[in-house]
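User: I would like a close look at a single part of this model. Please keep it brisk.
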Amino acid sequence: MHYSDGEEARLGDTISIAGMHRGRVVACLDRLEYSSAYPADEWAYLATGILVDTGFGGLVHYSQAGDEQILLIVRDGTPQGMAD
């Protein structure tokens with residue numbers, strides 16, 4: 001899955017959802033990446049997209065960026081646009 005700006009989604013990313021909410025990617029189904037709290041044997045059936053732990057709705061599955069604008073804020077502790 002790719003975010004609204006074309007950036008590829010990855011496990012551990014902190015993202016902005018619709019410019020109002022934040023969440024953390026806890027599984028990236030397309031890349032077969034799963035956090036220990038959300039293992040593949042429980043979530044792989046969704047097949048595509050990402051699982052995001054959010055403050056507004058708990059765990060949310062996004063199969064694609066779709067109508068909601070989803071943007072990368074932080075990857076690997078580096079704020080978007082701050083990497084060398």
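Is D13 buried or exposed? Take me through its surroundings, then turn to the aromatic rings.

Analyst: This is a predicted model. D13 is buried: its relative accessible area is 1%, and the cut-off for buried is under 20%. In the chain, D13 sits in the segment before β1, the strand that spans 14-17.

Start with the polar partners of D13. The side chain of D13 makes a polar contact with the side chain of Y3, at 2.6 Å. A polar atom of the D13 side chain also lies 3.0 Å from the backbone nitrogen of R10.

Next, the wider contacts. Leaving out residues up to four places away in sequence, D13 touches Y3, E8, G23, R24, V25, L72, V74 and R75.

Now the aromatic rings. Searching the whole structure gives two aromatic pairs. One is Y38 with W43: the ring centres are 6.3 Å apart and the planes stand at 55 degrees, so this pair is tilted. The other is W43 with Y45: here the centres are 6.4 Å apart and the planes make 25 degrees, so this pair counts as stacked. The cut-off for stacked is under 30 degrees. Y38, W43 and Y45 together make one aromatic cluster.

What about the accessibility of Y45? Y45 is exposed, because its relative accessible area is 63% and the cut-off is over 50%. D13, at 1%, is buried.

Notes
Residues are numbered from 1 along each chain as its sequence is written. This is a predicted model: local features need pLDDT of at least 70, side-chain atom pairs count only at pLDDT 80 or more; totals for chains, interfaces and linings use all residues. Side-chain values use heavy atoms; hydrogens and water are left out. Rings of Phe, Tyr and Trp (its six-membered ring) pair if their centres lie within 6.5 Å; planes under 30 degrees apart count as stacked, over 60 as edge-to-face and the rest as tilted. Buried means under 20% relative accessible area, exposed over 50%, partly exposed in between (1.4 Å probe, protein chains only). Helices (H or I, at least four residues) and strands (E, at least two) are DSSP runs, numbered from the N terminus. A polar contact is a pair of N or O atoms within 3.5 Å; within protein, one must be able to donate a hydrogen and the other to accept it, and residues adjacent in sequence count only if both atoms are side-chain atoms. Contact means heavy atoms within 4.5 Å.
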